[in-house]
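Subject: Structure for you to look at

Hello,

Here is the structure we talked about. Please open it and keep it on screen while you read the notes below.

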Amino acid sequence: MKRTAHQKRQTKETQIEIKLNLDEFTENKISTNSAFFNHLLEQLGKHGLFGLEIQAIGDIEIDDHHLIEDTGIVLGLAFKEALGERKQIRRYGSARLPMDETLIETDLDLTTRPFLFYNLQPKREWIGSFDTSLPLEFWRAFVNNCGLNLHINQIRGENAHHIIEASFKSVALALRTACEIDPRQKEDSIISTKGVL
Ligand SMILES: [Mn+2]
């Protein structure tokens, strides 16, 4: 069973196309019109060991908000599509990720009920031209469109670049585990005593 997805979304504000393969890492092809956002999305593919292609153009002459939120929507839909009925997956994933002085913990559950806890507190509003409040919009859109419970917890951190980048790496590692096929489960198993996620 191929766990892949292809999602496209076009509005007057953004044009986004994402291809995702949960099981086969290929060197990421990430291209958006925000350089720091490219840097973050590359962490997701690389540390998640996903095949990830993202082409996203947004109306950044207004600001990066539409681009980043809408990419979160389409990435959420891509994970939802690739996970299908969420059979035989590990379901839960947790990862503590250090980056110099920063320590971020992600805990997630690939249930279908959306919930986001997010407490990143970068002390700078801007990293170059990147607005440090936008990762919250990205993960909220991702959570609501994929359907998952995601906790991103800043344990400590000083540098805004480290805090944001470490959060993407931490989510990538937790997603990698939670999405993984668990060979100890039967092929049609749904890991819930309720029988559905
Ligand atoms: Mn960096």
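First, a term. Two strands count as paired if DSSP finds at least two bridges between them. Here is a case: Asp107 has His151 in strand 10 as its bridge partner. Seven bridges link strand 6 and strand 10 in all, and the two run antiparallel. Please bear in mind that this is a predicted model.

**The whole protein**

The protein has four helices and 10 strands. Read from the N terminus, the order is β-β-β-α-β-α-β-β-β-β-β-α-β-α.

What radius of gyration would a compact globule of 197 residues have? Near 16 Å, and the protein has 16 Å, so the two agree. Of the 197 residues, 40% count as buried. Now take the contacts between residues at least 6 apart in sequence: 80% of them join residues at least 24 apart.

Strands of a sheet pair through backbone hydrogen bonds, in a parallel or an antiparallel way. This sheet has both kinds:

- Strand 5 and strand 6 are antiparallel, with eight bridges. Tyr92 sits opposite Asp109 of strand 6.
- Strand 7 and strand 10 (residues 149–156) are parallel, with four bridges. Tyr118 has Ile152 in strand 10 as its bridge partner.

Strand 5 and strand 6 form a hairpin with two residues between them. In the turn, Asp100 has a positive phi of about 50°.

Which residues of strand 6 are on its covered face? They are Thr102, Ile104, Thr106 and Leu108. Leu103, Glu105, Asp107 and Asp109 make up the uncovered face. In a regular strand, side chains alternate between the two faces of the sheet.

Start with helix 2 (residues 65–83). At 1.5 Å a residue, its 19 residues should span 27 Å. The end C-alpha atoms are 27 Å apart, which agrees. Helix 2 is mostly covered, with 14 of its 19 residues buried. Just after helix 2 comes Gly84, with a positive phi of about 55°.

Helix 3 passes the length check too: its 13 residues should span 18 Å, and its end C-alpha atoms are 18 Å apart. Its buried residues include Leu134, Phe138, Trp139 and Phe142. What do the buried residues of helix 3 pack against? Helix 2, strand 7, strand 9 (130–131), strand 10 and helix 4. Gly147 follows helix 3, and its phi is positive, near 85°.

**The core**

The largest nonpolar core has 54 residues, and Leu20 and Ala78 touch the most other members. Helix 4 gives this core its largest share, 11 residues.

Click on Leu20 next. Leaving out residues up to four places away in sequence, Leu20 touches Thr4, Ala5, Phe50, Gly51, Leu52, Ala78, Phe79 and Ala82.

Find Ile57 in strand 4 (residues 51–58). Is Ile57 buried, exposed or partly exposed? A residue needs 20 or more other C-beta atoms within 10 Å to be buried, and 12 or fewer to be exposed. Ile57 has 15, so it is partly exposed. Beyond its neighbours within four places in sequence, Ile57 is in contact with Thr14, Gln15 and Asn33. Ile57 and Glu85 are 28 residues apart in sequence, and their C-alpha atoms are 31 Å apart in space.

Best wishes

Conventions
Residues numbered from 1 in each chain as written. Predicted model: local features only at pLDDT ≥ 70, side-chain atom pairs only at ≥ 80, totals over all residues. Expected span 1.5 Å × (residues − 1). Rg over C-alpha atoms; globule rule 2.2 N^0.38 Å. Contact = placed C-beta atoms within 7 Å. Core = buried A, V, L, I, M, F, W, Y, C linked by C-beta atoms within 7 Å.
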